[in-house]
Amino acid sequence: MGNSFDLRTPLTGILGASSAILENGDSLDKETHIKLASDIKKDSQWLIRMVENLLSVTRINEGTMNVKKTPEAAEEVVAEAISITRKRFKERKINVKVPDELLLIPMDGTLIEQVIINLMENAIKHSGENTTIDVNVKKENNFAVFEVSDNGEGISENDFPYLFESYVPNGKKSSDSSRGMGIGLSICMSIIKAHNGKIEAANKKEGGAIFKFTLPLEGGERNCFFNAH
């Protein structure tokens, strides 16, 4: 899943809603008018946030920006990410499991939210329409663990070495057009790395893939080793 997929979705919505207003404005009732205008506003806000995130990641990679972390509740960040994803993929079933315990994590909530959205959209893209996406949050020692899994096609062994890379060498891309290789997952890696976390992926024994990232809880921050396999 690359950024072209992310950016085209709200742009298509803005174009569709604005065209409907321009072409049918006189015949639209007030409620429909308000609904279309509201859709344009929401998609514009999403687009602005996405561009801001991309700029933030660019600055992170260039070493010109330090991520501003404040204690955020894991449950609230996950809930917002799922809310956005459900609006864009209304027909898809997403199961969510979060602990009863409040998990406070030093983070830039908007960036971590984007990681969760990217992983969910990646799972949706690579699984069937009638399958379920599972999002699970749990505590392990001094870390919060976030998992996004699906029951789709899984990850090709050829893709694993380049899963979180924005550039794939010629001849290394698998025949199924890759499992999310490209900017989308490389953004996730950059954001998690900037939070002193770890991100990895694996195939499930029963089929499908699972992406997992860990973040230090409040008071438990330390450097981690990063890998993708």
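## Helix pair and sheet in a predicted model

The crossing of helices α3 and α4 is right-handed. The model described here is predicted. Helix α3 spans residues 74-88 and helix α4 residues 109-125; they pack at an angle of about 45°, and their axes are 9 Å apart.

On the α3 side, the contact is made by Val-77, Val-78, Glu-80, Ala-81, Ile-82, Ile-84, Thr-85 and Arg-88. On the α4 side, it is made by Gly-109, Ile-112, Glu-113, Ile-116, Ile-117, Met-120, Glu-121 and Ile-124. The residues of this contact divide into 10 nonpolar, two polar and four charged.

The model also has an open sheet of five strands with mixed pairing, in the order β2-β4-β5-β7-β6. Strands β2 (93-97) and β6 (198-203) are its edges, each pairing on one side only. On average, neighbouring strands are turned by 15° against each other, direction ignored. Within the sheet, β5 (residues 143-149) and β7 (residues 209-216) pair in the antiparallel sense over seven bridges. Ser-149 has Ile-210 of β7 as its bridge partner.

| Helix | Strands | Angle |
|---|---|---|
| α3 | touches β2, β4 (132-140) and β5 | about 175° with the direction of β2 |
| α4 | lies across β2, β4, β5 and β7 | about 170° to β7 |

Terms used. Residues are numbered from 1 along each chain as its sequence is written. This is a predicted model: local features need pLDDT of at least 70, side-chain atom pairs count only at pLDDT 80 or more; totals for chains, interfaces and linings use all residues. Side-chain values use heavy atoms; hydrogens and water are left out. Axes are lines fitted to C-alpha atoms, for helices over the stretch in contact, and angles run from 0 to 180 degrees between N-to-C directions. Helices (H or I, at least four residues) and strands (E, at least two) are DSSP runs, numbered from the N terminus. A crossing is left-handed if the near helix is turned anticlockwise from the far one by less than a right angle, and right-handed if clockwise. Contact means heavy atoms within 4.5 Å. Ala, Val, Leu, Ile, Met, Phe, Trp, Tyr, Cys and Pro count as nonpolar, Asp, Glu, Lys and Arg as charged, and the others, Gly among them, as polar. Two strands pair if DSSP finds at least two bridges between them.
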